[in-house]
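Here is a short briefing to read alongside the model. Please keep the structure open while you go through the points.

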Amino acid sequence: PAYQSIAFAEGFSQLSSINGLAFGAFDISKDIEKDIMQKRTKHFATLVKERIAIGSVSIAEKNQEKIFLQAKKIRRIIINKMHEIFKKCDVILSPTGGGPPEIKKSSIHTSTKHEIPANYLQITNMTGGPSLVMPFTIAKDQTICIEIAGDIFQDQKVLNFSLAIENLIKGENSE
């Protein structure tokens, strides 16, 4: 919930730049607010609309202390913990998904299959450290990817490790 609170609130706060007028095709009337509302209602996917709603609730003045600022405190704890972890290792190698992607009929999240790997990606998104996602293997006609994450300002370690993995994969596939 901390990641969603922060990420969706940041997305909501940037919504003014997503007015739909700078891109896309639609007729502009004399009521610009109506045009923007129509563009967002008609062309934003349900998942995007849900995230905008969550972001607006998180950043609302009455919820800032209870939700948004608490989420930022949790993010600080996670950042500090990740710094401790990176004192013991150069990079973290993790999955990016729990298998082939699922096609869902609804944007309502009901499956836990992908939650743990998705949390790895959320952690690197929250901490600001470098990460790289790369294809690792193919299973059941689906590309399976891995994430390589590093501590803040350690981009080169992530790149070096990803190159080493890439060379291992190429060597394995050439035999």
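How many bridges join β1 to strand β3, and do they run parallel or antiparallel? Five bridges join β1 to β3 (residues 142–150), and the two strands run antiparallel. Before going further, please note that this is a predicted model, in which local features need pLDDT of at least 70 and side-chain atom pairs count only at pLDDT 80 or more, while totals for chains, interfaces and linings use all residues. Residues are numbered from 1 along each chain as its sequence is written, and side-chain values use heavy atoms, with hydrogens and water left out.

**Overall layout**

- The protein chain has six helices and three strands; helices (H or I, at least four residues) and strands (E, at least two) are DSSP runs, numbered from the N terminus.
- Along the sequence, these elements follow the pattern α-α-α-α-β-α-β-β-α.
- Of the 175 residues in the protein chain, 24% are buried; buried means under 20% relative accessible area, exposed over 50%, and partly exposed in between (1.4 Å probe, protein chains only).
- Among contacts in the protein chain with a separation of 6 or more, 54% come from residues 24 or more positions apart, where contact means heavy atoms within 4.5 Å.

**The sheet**

- Three strands form an open sheet in the order β1-β3-β2, with antiparallel pairing; two strands pair if DSSP finds at least two bridges between them.
- β1 and β2 stand at the edges with a single partner strand each, so one side of each has no neighbour in the sheet.
- From one strand to the next, the twist averages 25°; angles run from 0 to 180 degrees between N-to-C directions, and axes are lines fitted to C-alpha atoms, for helices over the stretch in contact.
- Another bridge partner in β3 is Ile 146, which pairs with Met 134.
- β2 and β3 form a hairpin with two residues between them, and Lys 140 in the turn has a positive phi of about 50°.

**Helix packing**

- Two packed helices are described by the angle between their axes and the distance between the axes.
- For helix α3 (residues 46–59) and α4, the axes come within 7 Å and cross at roughly 105°.
- That angle makes α3 roughly perpendicular to α4; under 35 degrees counts as roughly parallel, over 145 as roughly antiparallel, 65 to 115 as roughly perpendicular and the rest as oblique.
- Val 57, Ser 58 and Ile 59 of α3 make the contact with Gln 64, Ile 67 and Phe 68 of α4.
- By class, this contact of α3 with α4 has four nonpolar, two polar and no charged residues; Ala, Val, Leu, Ile, Met, Phe, Trp, Tyr, Cys and Pro count as nonpolar, Asp, Glu, Lys and Arg as charged, and the others, Gly among them, as polar.
- Ser 5 lies in helix α1 (residues 2–13) and is buried, with a relative accessible area of 12%.
- Leaving aside neighbours within four places in sequence, Ser 5 is in contact with Ser 58, Ile 67, Phe 68 and Ala 71.

**Salt bridges**

- Five salt bridges turn up in a search of the whole structure; a salt bridge is a side-chain nitrogen of Lys or Arg within 4 Å of a carboxyl oxygen of Asp or Glu.
- One of them links Glu 65 and Lys 73, with the closest N and O atoms 4.0 Å apart; Glu 65 is partly exposed at 47% relative accessibility, and Lys 73 is partly exposed at 46%.
- Lys 81 and Glu 84 meet in a salt bridge at 3.7 Å, N to O, and both lie in helix α4 (residues 64–86), three residues apart, about one turn of the helix.
- Lys 81 is partly exposed at 48% relative accessible area, as is Glu 84 at 43%.
- Lys 157 forms a salt bridge with Asp 90, where the closest N and O atoms are 3.4 Å apart.
- This pair links distant parts of the chain, with Lys 157 in helix α6 (residues 155–174) and Asp 90 in the loop between α4 and β1 (91–95), 67 residues apart.
- Lys 157 is partly exposed, at 37% relative accessibility.
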